[in-house]
Amino acid sequence: MKISLNWLKQFVEINENAQELDELLTGTGLEVESIERHEAILGGLQGFVVGEVLTCERFEVKEKQLSLTTVDIGTGTPSQVICGASNVDAGQKVIVATVGTTLYDHAAGKAIFQITSKKTYGHLSEGMICAEDELGLGTSHDGILVLDTELPNGTPAAQYFNLEADLLVEIGLTPNRADAASHWGVARDVKAKTGRAITLPSVENFKVENNNFPIELVVEKPEDCPRFCGVTIDGVKVQDSPEWLRKYLETIGLRPINNIVDITNYICHGLGQPMHAYDWHAIKGQKIVVKTLEAGTKFTTLDEVERTLGETDLMICDAEEAVGIAGVFGGMKSGIKPETTRVYLEVAYFDPASVRKTAQRHGLKTDASFRFERGTDPKAKLFALKHAALLIQELAGGVVASEVTDFYPSPIADFNIKVLYKNIDRLIGKKLEKTLIKDILTALDIQIQDENEDGFTAIVPPFRVDVTREADVIEEILRIYGFNNIELSENLGTDYLSSFPAKDRDNLQLKLSQILAANGFNEIITNSLTKPVYAELIKADLPNDNVEILNKLSEDLGVMRQTMLFSGLEVLAYNINRRQKDLRVFDFGKTYHKINDKYVEKRHLAIFITGNTENETWQMKSQKVAFHTLASAVNKVLGSLGVKNFDSKPLENSATFEYGLSYLVNKKEVVKLGLVKPNVAKKAEVKQHVFFADIDWDYLFKQYNDKAVFAELPKFPEVRRDLSLVIDKTVSFDQIQKFARNYEKNLLKQINVFDVYQGDNLGEGKKSYSVSFTLQDYEQTLTDKVIDKTMEKLMGAFEKEIGAVIRK
């Protein structure tokens, strides 16, 4: 948001320099992003002063008439200046460019040279008496500019011409501070911080001359338009705005248009009250109706763009058609024209949610919608209307030719908020005097009622849309008191009004991110909106309905995703197309589902691996990623979450995976991982193998326990024994592990497959696993007798349960 310092001074006294103003505003929460000098003309007439010619002697050089003058420029010692203008004479008041002043080519927009003290035609010259074009005030070079003024010598020329430079203050306005989206709003914070009074323009001279040209008002949607004020002004003359108004608007980056439109912009940015001026003759039937129109209705806005209306778009209409989009943009037909002589002024309060939806639907961001969708002051509407009417009469002539219409059936009430002194002390971390608290709130236009020893009721005006809770009121006290005024001491502490969960999801997510990053993964953040065709492709794996977007921007972003798969595949495709083919990425995100007409969100962790595990070098060939590359990463995630024991089963009849596994914790499926089917990956334009894991982050977070159990390192050695098992091809290593652990729960610590063999000599449908078993007793050294007995028990189990043949 842009603020003109000179404009701000119309509301409140500003004595601070740029740095002090920066600190003052930033301290109140209005963070100053930049302060720039804004000059009406190039150079801002710096170095040019009012001077008086004391003496003037003519002389001639090479048939050229010159004058040797002495000029009083207010320094106490007259300056000698050589002047070539024929109209210079003693006793004149002139503009002098003093030594060090830079002169500009105003047409080209660049500096020409700098005035120095030097000999000119044999005489010392200490400046230059200026013509109009040399100042950038015109094009005339017929002679020097002679002034008619009583200003003292040495007065800056910018002051004489009323061209003093302005400061443009850029404020990074946070969305909650709608009250500060104007010069008046910023002045309120200056007032609260400094105690200086605010000066508002007087509207006492506003009066209705006649009721010859009324406009009938009908509000069909009062819930979207709680207040609407209007008045007619007759006999206006549309012309250029005066210099002071143009300068204010130009400083904040607005282009002056004409006096009527400029006044509406002046009110919008000055008082924070967006308003609109209509050509009275263009309002058909002299009637204004606030309503919605049938979806699909066409409407041309002021930018000459035809727009298609939605059924919820609130419109300003006349007796026959729409004339403006309420709170967003005016219409082409009813705008102010050079020939306009009668104006209808409108100031309204529109529901912020309604304006926000309409502005987003049409992709329009105007100064009006910026303020309306955050919330304007419903109580200031009449004041803004009367001030605008008086300005129009001053700058364009005319008389008020209708009664003021004020539709306001249900006035918006103040916020009544109970505040306890003990909570103020808890949240601020410092005990403030009660009188100071009340003074700050009063300076912020917040009234105090029902005060007692424990607290009070704060009556907050509705223009403070962000102050609705006790914590908000306390924040107001703190930002005006000053964050920097809270001393840091050994026993300083603050409290909070809400409780925090025992487990912190964000911290745990950060922990997992660091683990994955340490293993070569990069985090991605993907869009929740996706293509409907993706869900159709793997519909068998997605039993729920899509969550469709009502006001979708395109068909490609028409639904909310039910799976994290395709969002990640699109990221892979983007990188692969840029020759980055070896990728490991992960994504924490949400999926969205419609279940029995209810909307459900679920959190997931998605992991993707594609390409090679290692780049090719002279020492080794590149190796492509495999299923176990992904499984290893998933197991590390589960291990960091404390999930040690889980069951697995093959994924069968999956529309997503070519092959893979499903991990179950407490009989609930928490992970699916495997190779993505090539046709599924190809739909997202990925043509290489992709391994994908989908982890139920919500469930695993609930199961997470940060309590760690430590055990003493075993003192006794472990023993390894190997077996070669000939088994059916249908038997998995997972089955072998389960049987082994069921039969030996005490001594068996680890099982590992170190070789797999298949051949004709084993028989049809057979394979051989070479398996190692690690045995250990924490209490004593294992004897051969115990080891042999344990292995015999395991071999018997394998022969009985899975029909294994033990190769000896």
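A cavity, in my notes, is a set of points on a 1 Å grid over the protein atoms alone where a 1.4 Å probe fits but cannot get out, and its lining residues have an atom within 4 Å of a point.

**Ground rules.** I'm working on a predicted model, where local features need pLDDT of at least 70, side-chain atom pairs count only at pLDDT 80 or more, and totals for chains, interfaces and linings use all residues. Residues are numbered from 1 along each chain as its sequence is written, and side-chain values use heavy atoms, with hydrogens and water left out.

**Cavities.** I searched the whole structure and got four cavities of 30 Å³ or more. Volume here is the space filled by probe spheres set on the points, with grid points joined across faces, edges and corners.

I took the largest cavity and noted a volume of about 120 Å³. Its lining has 13 residues, with A178, D179, L271, G272 and D377 nearest the centre. I sorted that lining into four nonpolar, five polar and four charged residues (Ala, Val, Leu, Ile, Met, Phe, Trp, Tyr, Cys and Pro are nonpolar; Asp, Glu, Lys and Arg are charged; the others, Gly among them, are polar).

Then I went to the second largest cavity, at about 70 Å³. Its lining is T530, K531, Y534, A535, L542, N546, V559, R561, Q562, T563, F566 and S567. Helices α15 (532-537) and α16 (565-576) are the elements that give two or more residues to this lining; helices are DSSP runs of H or I, at least four residues, strands are runs of E, at least two, and both are numbered from the N terminus. By class I wrote down five nonpolar, five polar and two charged.

**Salt bridges.** How many salt bridges does a search of the whole structure find? I got 36, counting a side-chain nitrogen of Lys or Arg within 4 Å of a carboxyl oxygen of Asp or Glu.

I looked up E601 and K590 and found their closest N and O atoms 3.0 Å apart. This pair links strand β34 (residues 598-610), which holds E601, to strand β33 (residues 583-595), which holds K590, eleven residues apart. E601 is partly exposed at 48% relative accessible area, and K590 is partly exposed at 28% (buried is under 20%, exposed over 50%, partly exposed in between, with a 1.4 Å probe and protein chains only).

Next I checked D698 with R603, a bridge of 3.6 Å, N to O. D698 sits in helix α19 (residues 697-703) and R603 in strand β34, 95 residues apart. D698 is buried at 15%, while R603 is partly exposed at 31%. I also noted one network, joined by salt bridges that share partners: R177, D179, D189, R464, D466, E476 and R479.

Key:
On a 1 Å grid over the protein atoms alone, a cavity is a set of points where a 1.4 Å probe fits but cannot get out, and a pocket is an open set with protein on both sides within 12 Å along at least five of seven lines; lining residues have an atom within 4 Å of a point.
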